[in-house]
Amino acid sequence: MKLKANFMTHMDEDTQILIDVSAKFSGLVRSNKTASEIVNLLGRETTEAEITAEMMRKYDASEEVIAADVHRIVAQLRSIGALDK
């Protein structure tokens, strides 16, 4: 899976803003620092397991907690059509 090319990101202080430039999704998504790291990892082809492993290297939390957070954010991005596959 990968973030679709029509979704652009912009950092505004500690908040990342995700915008669909094709206007198929009319809205914007605000992400905190952790969620924005997940979005940034989706800039290339990857899997939830690879994202979870990368996040585990950065954060002191259990694999279960991190995997659940990654899954939740990926599901939200899928629900707005932001991901390929």
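At what angle do the axes of helix α1 (residues 33-41) and helix α2 (residues 48-58) cross? They cross at roughly 135° and come within 11 Å. This is a predicted model, in which local features need pLDDT of at least 70, side-chain atom pairs count only at pLDDT 80 or more, and totals for chains, interfaces and linings use all residues. Residues are numbered from 1 along each chain as its sequence is written, and side-chain values use heavy atoms, with hydrogens and water left out.

**View 1. Helix α1 against helix α2.**
The crossing angle of roughly 135° makes α1 oblique to α2. Angles under 35 degrees count as roughly parallel, over 145 as roughly antiparallel, 65 to 115 as roughly perpendicular, and the rest as oblique. Axes are lines fitted to C-alpha atoms, for helices over the stretch in contact, and angles run from 0 to 180 degrees between N-to-C directions. The crossing is right-handed. From α1, T34, E37, I38 and L41 meet I51, E54, M55 and K58 of α2 (contact: heavy atoms within 4.5 Å). This contact holds 4 nonpolar, 1 polar and 3 charged residues. Ala, Val, Leu, Ile, Met, Phe, Trp, Tyr, Cys and Pro count as nonpolar, Asp, Glu, Lys and Arg as charged, and the others, Gly among them, as polar.

**View 2. Helix α2 against helix α3.**
Here the axes lie 9 Å apart, at an angle of about 130°. That makes α2 oblique to α3. The crossing of this pair is right-handed. E48, I51, T52, M55 and M56 of α2 meet E63, I66, A67, V70, H71, V74 and R78 of α3. By class, the contact has 7 nonpolar, 2 polar and 3 charged residues.

**View 3. The largest pocket.**
Its volume is about 290 Å³. A pocket is an open set of points on a 1 Å grid where a 1.4 Å probe fits, with protein on both sides within 12 Å along at least five of seven lines; lining residues have an atom within 4 Å of a point. The volume is the space filled by probe spheres set on the points. Of the 21 lining residues, N32, A35, I38, R72 and I73 are closest to the centre.

**View 4. Elements around the largest pocket.**
β4 (28-31), α1 and α3 (63-79) each supply at least two lining residues. Helices (H or I, at least four residues) and strands (E, at least two) are DSSP runs, numbered from the N terminus. α3 gives the most, with 8 residues. The lining comprises 14 nonpolar, 4 polar and 3 charged residues.

Technical notes:
Left-handed = near helix turned anticlockwise from the far one by under 90°.
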